[in-house]
Each structure stands twice: as structure tokens, then as C-alpha cells.
Amino acid sequence: MKKIKKFITLLMAGLMSCTVLGTTACAGGPNSGGEAADDKKTQLYVAYLNAGYSDRWLAAAKQRFEEGLNCAQAVFAAFSDVTGIDEDMALRLSSSFGGGMGKLRLVCGALSGAFMVLGVLYGDYQPGDNKGKAAHYERVREIGKEFEKRNGSMICAEILAQGAVEAKL
């Protein structure tokens, strides 16, 4: 349980400072060192609040996004060692959630990836276990509401339309 609490703290702290820039608002990110952004691609800048925990998951998410993975894949696969799902399977499971669900620009892919991690860690309840299901859904709603509060939306199109936005969990 302590490991799970550490993970949630890291996930919350780390994704609090994940910055997504839309193609219409490309510029150097807040921690980009002033490097020019490629205005032909969506940019994902990841910064982090270490909070005493390792930043390896966030560095992995940023690296994988820069390699061409979608936002959901980058986040979900970065936590493969925590979820116990091998990276290949993690990439396949999360592949449909990028671009706000297959580029429908609905729920943010990075947030969907985070929800998938929560599902692996907390979604282990049996049919009829309404208490377990309710507790899990409460975690999802809490993170979703906080994400929306900090970003103005959970919707990919709305986040991208804002230009440079700090995606905070």
C-alpha cells in the first residue's frame, strides 16, 4: 500500500506540470531551455516536481512522446514497471486513446493514460463489489476534477485551443 501511495503522489506531482502545446501555439516550453518548437507537430513538455521521489516515469513519458508515441501511450507505458504490464502490451492497450480518443479530440490522452494506470492499480474488484467500484470511481473523479480545475477542461480540443497549457493532475 505504501508503494501505491508513493506512486499516486508521484503521478499527481509529476503530471501537475506536464505541459502540452498545440500546433497553433508552438513556442519553447517553460522548461525547454529556449529551444525552438517544431510548428508542424504537437509538442509535449514535461517538467516535474520531484517531491522526494524519482522522476524517471516523467522523463520516460517525455522521451517516448518525443519518439512519436501519443500522449496516452507515453504516460501509460512510462508506468509499465509499476503496473506490471509489459511495454508492448501497454503501448497497444493505450494506442486508441491518443488525440483525445483516436483524434476525436475528446478526453485528453495524457489523462486517459493516467486513468489506465489507476485502473490497473485500483480496479481489482469483483463483480458485485459496489464498494470497491465506488472507491475506484471516486479516485478517477478526483483526479479528473483536479485536472479540469487546473486546465480548464479535460477535453483535448479545448486544451489544445488554449495554446500553451500546463496539464496538472
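Analyst: Let us begin with a single residue. This is a predicted model. Buried means under 20% relative accessible area. Cysteine 71 has 15% relative accessibility, so this residue counts as buried.

User: How far is the sulfur of cysteine 71 from the closest cysteine sulfur?

Analyst: The general idea comes first. A disulfide is a covalent bond between the sulfur atoms of two cysteines. In this structure, the closest cysteine sulfur to that of cysteine 71 belongs to cysteine 108, and the distance is 6.0 Å, too far for a bond. The cut-off for a disulfide is a pair of cysteine sulfur atoms within 2.5 Å. Cysteine 108 is likewise in no disulfide, as its nearest cysteine sulfur is that of cysteine 71. Cysteine 108 counts as buried because its relative accessibility is 7%.

User: How many disulfides does a search of the whole structure find?

Analyst: The search of the whole structure finds zero disulfides.

User: Which residues of α3 are buried?

Analyst: The general idea for a helix concerns direction. An α-helix has 3.6 residues a turn, so residues three or four places apart point the same way. In α3, eight of the eight residues are buried, and the helix is mostly covered. They are Cys71, Ala72, Gln73, Ala74, Val75, Phe76, Ala77 and Ala78. At the start of α3, a side-chain oxygen of asparagine 70 comes within 3.0 Å of the backbone nitrogen of alanine 72.

User: Which residues does serine 94 touch, leaving aside those up to four places away in sequence?

Analyst: Serine 94 touches Asn70, Ala72, Gln73, Phe76 and Met116. Serine 94 itself is part of helix α5, which covers residues 87–94. Its relative accessibility is 0%, so serine 94 counts as buried.

User: What sits over the ring of tyrosine 122?

Analyst: The charged end of arginine 139 sits there, 3.7 Å from the ring centre of tyrosine 122.

User: How many aromatic pairs does the structure hold, and is the pair of tryptophan 57 and phenylalanine 79 stacked or edge-to-face?

Analyst: The structure holds one aromatic pair. To classify a pair, one examines the angle between the planes, and planes under 30 degrees apart count as stacked. The rings of tryptophan 57 and phenylalanine 79 have centres 5.6 Å apart and planes at 15°, so the pair is stacked. Tryptophan 57 lies in helix α2 and phenylalanine 79 in the loop between α3 and α4, so the pair ties together parts that are 22 residues apart in sequence. Tryptophan 57 counts as buried at 11% relative accessibility, and phenylalanine 79 counts as buried at 2%.

User: How many helices and strands does the chain have?

Analyst: The chain has nine helices and three strands. Buried residues account for 44% of its 169 residues.

Definitions and conventions:
Residues are numbered from 1 along each chain as its sequence is written. This is a predicted model: local features need pLDDT of at least 70, side-chain atom pairs count only at pLDDT 80 or more; totals for chains, interfaces and linings use all residues. Side-chain values use heavy atoms; hydrogens and water are left out. Rings of Phe, Tyr and Trp (its six-membered ring) pair if their centres lie within 6.5 Å; planes under 30 degrees apart count as stacked, over 60 as edge-to-face and the rest as tilted. Helices (H or I, at least four residues) and strands (E, at least two) are DSSP runs, numbered from the N terminus. Buried means under 20% relative accessible area, exposed over 50%, partly exposed in between (1.4 Å probe, protein chains only). A charge sits over a ring if NZ of Lys or CZ of Arg is within 6 Å of the ring centre and within 35 degrees of the ring normal. A polar contact is a pair of N or O atoms within 3.5 Å; within protein, one must be able to donate a hydrogen and the other to accept it, and residues adjacent in sequence count only if both atoms are side-chain atoms. Contact means heavy atoms within 4.5 Å.
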